[in-house]
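Dear colleague,

I am handing over the structure we spoke of, and below it you will find my notes. Please read them slowly, with the structure open beside you.

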Amino acid sequence: MKEIVVISGKGGTGKTSITASFAYLGGADVVVADCDVDAADMHLLLQPDFARGEDFYSGELAKIHPDKCTQCGKCAEICRFDAISVVDGLHIVDPLSCEGCGYCARICPTDAIENLSMNVGKWYISKIKTGSIMVHAKLGIGADNSGKLVAKVKNEAKRLAEETNKEYIIVDGSPGIGCPVVSSLSGASFVVLVTEPSVSGLHDLKRVYELVHKFNLKAGCIINKSDINEKVSEEIEAFLREENILHITNLPYDEQFTIAMTNGQTIVESDSNGLKQKIADSWDKIKQTIN
Amino acid sequence: MKIAIASGKGGTGKTTLSVNLSAYLAENEEVVLSDLDVEEPNSGLFIKAQLLHEEEKYKMVPEWKEDQCTLCGICQEVCNFHAVIQLGDMIMVFPELCHGCYACSELCPADTLPMVPKKMGMLKHLRNDKLSFIESRLDIGEEQAVPLIKQSQEYVEEHFSDDILRIYDSPPGTSCPVIEVTRDVDFVILVTEPTPFGLHDLKIAVETMKELKKPFGVVVNRHGIGNDGVLRYCEGEGIPVLAKIPNDRKIAELYSEGKLVYNEVPEVKQELDKIITYLSTLKQGGVQ
């Protein structure tokens, strides 16, 4: 079983549209994992049935019980996150500032502080329109995207792929270089970088690739909207050669991407301007590279 | 006045709006633009300015001093983030997992885990006439954006007086880094695109702003593609749509070259004027 993780560094490069297209092309051979839990959009293209859902708890939040609290102030003194303040003579915790380190509860002389487990969202196992399975999640509002929910989604996808003898897991990763991305990358067989030829696209590609390189992962790159700026596109290609990153393909700037999305479809479900063939060839190229 | 420019979905035009709005405003008044998308800071690619100052940014993490350690295991027990682990007769610290709570360090009975500074990123302070630009950049391998965002906001607070307009370019999404950027601002501009992805992520961003009790408005970017779902949603929810930036390949091309667009595309300037008018009405309405 191989795990293909699609990331982009920068948002809005077409990562999810391309990932969903691979999922569609892979059909029954593929378990899909949407690890972009902070802006999970793949369900809009793959129509999961949300058949099974479960709450996800991760991390803690301090709560001070006023009946036991003597207002000694030790908790506020040691809190490095300024999460404890005095309101109307009572010590209270600001849930947005609390990091859940639990230090205050440990040093409270009257055991007045409790650590509550935090519900950070919900994760689902769904059947999707390709006949296969998708694991996905919804992160709660303002929740700590520490990467644990991402890891949960990935591990469940892995378990299901093993149980049902699927050949591939396709993972839609998140933007940036922080915890959720690190979680998305762990265990990857191959990383697909989706970029665009803009100064921002190139800048973010280089940063996220540095992370990929740090984990010693094999990678390939799709340059989307390549005709928007031929010069930057060439710079990206030069970067790929230099770093020995497989150049998978170039895709033109095409509003068919938006039209397909607006219809709730992946771009490969209708043959628009040759995009279907290009993406199908890319999927074959990725499979050849990792097998 | 402090304004955050945020979005649920990435790549909707946060940076485009931040840099163009800041540069346009700075033609007439002092403006501070602070790029708090520290994982992927891009505003600096569009701002031509002179570097005034740069500094390394540090977070405090524990460092094990072997000689005094009694291997009692308290440090491992008190760390909720698995950043301190006892392996045989060794204590291992994983600084990238450390949240800097000091619990292991201060609860160690033998004082063997003093807190030491560890570099997590860089801050740059640049200036071009009336526009001040603060860029913060997280080091690759550092997983937590929030400590650097906090220190960057502190830098802005210390170096600029309250009456100067501050614009914060936020990271995408709605999780902790975004909360850190938006919690203390006076107004949030949510940038979206008129597509199903844009709408879906906008709804989550709107719920987040409601939870934070933040006043906010929406700017629709690439207006003309997709469908009217976003506009219908905003109308139904009574959310002000401050501007509609047209879908224009020229804008995408200028952006790709790292250029500002408002001087080249008159429609963009018109839309920025609408945002500026809205913000000044807000300011007069009592937001400080």
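Which residue lies over the face of Y102(B), and at what distance from the ring centre? It is R80(A), at 3.6 Å from the centre of that ring, where a charge is said to sit over a ring if NZ of Lys or CZ of Arg is within 6 Å of the ring centre and within 35 degrees of the ring normal.

Before going on, please keep in mind that this is a predicted model, in which local features need pLDDT of at least 70 and side-chain atom pairs count only at pLDDT 80 or more, while totals for chains, interfaces and linings use all residues. Residues are numbered from 1 along each chain as its sequence is written, chains are lettered from A and ligands numbered from 1 in the order in which they are written, and side-chain values use heavy atoms, with hydrogens and water left out.

The contact between the chains takes 60 residues from chain A and 60 residues from chain B, contact meaning heavy atoms within 4.5 Å. About 5,000 Å² is buried between them, with carbon and sulfur atoms giving 55%; this area is the accessible area (1.4 Å probe) that two parts lose on being put together, summed over both. On the side of chain B, the residues that lose the most area to chain A are E40(B), I140(B) and F197(B), together 16% of what that side buries. E40(B) also meets R207(A) in a salt bridge (3.5 Å, N to O), a term for a side-chain nitrogen of Lys or Arg within 4 Å of a carboxyl oxygen of Asp or Glu, and four salt bridges are found across this interface.

Now to the aromatic rings. Rings of Phe, Tyr and Trp (its six-membered ring) pair if their centres lie within 6.5 Å, and planes under 30 degrees apart count as stacked, over 60 as edge-to-face and the rest as tilted. Over all chains, seven aromatic pairs are counted. Y209(A) and F239(A) are edge-to-face, because their ring centres are 6.0 Å apart and their planes stand at 90°. Both are buried (under 20% relative accessible area, with over 50% exposed and partly exposed in between; 1.4 Å probe, protein chains only), Y209(A) at 7% and F239(A) at 8%. In chain B, F46(B) and Y255(B) are stacked, 5.2 Å centre to centre with 25° between the planes, and both are buried. Finally, F22(A), Y168(A) and W283(A) form one aromatic cluster.

With best wishes
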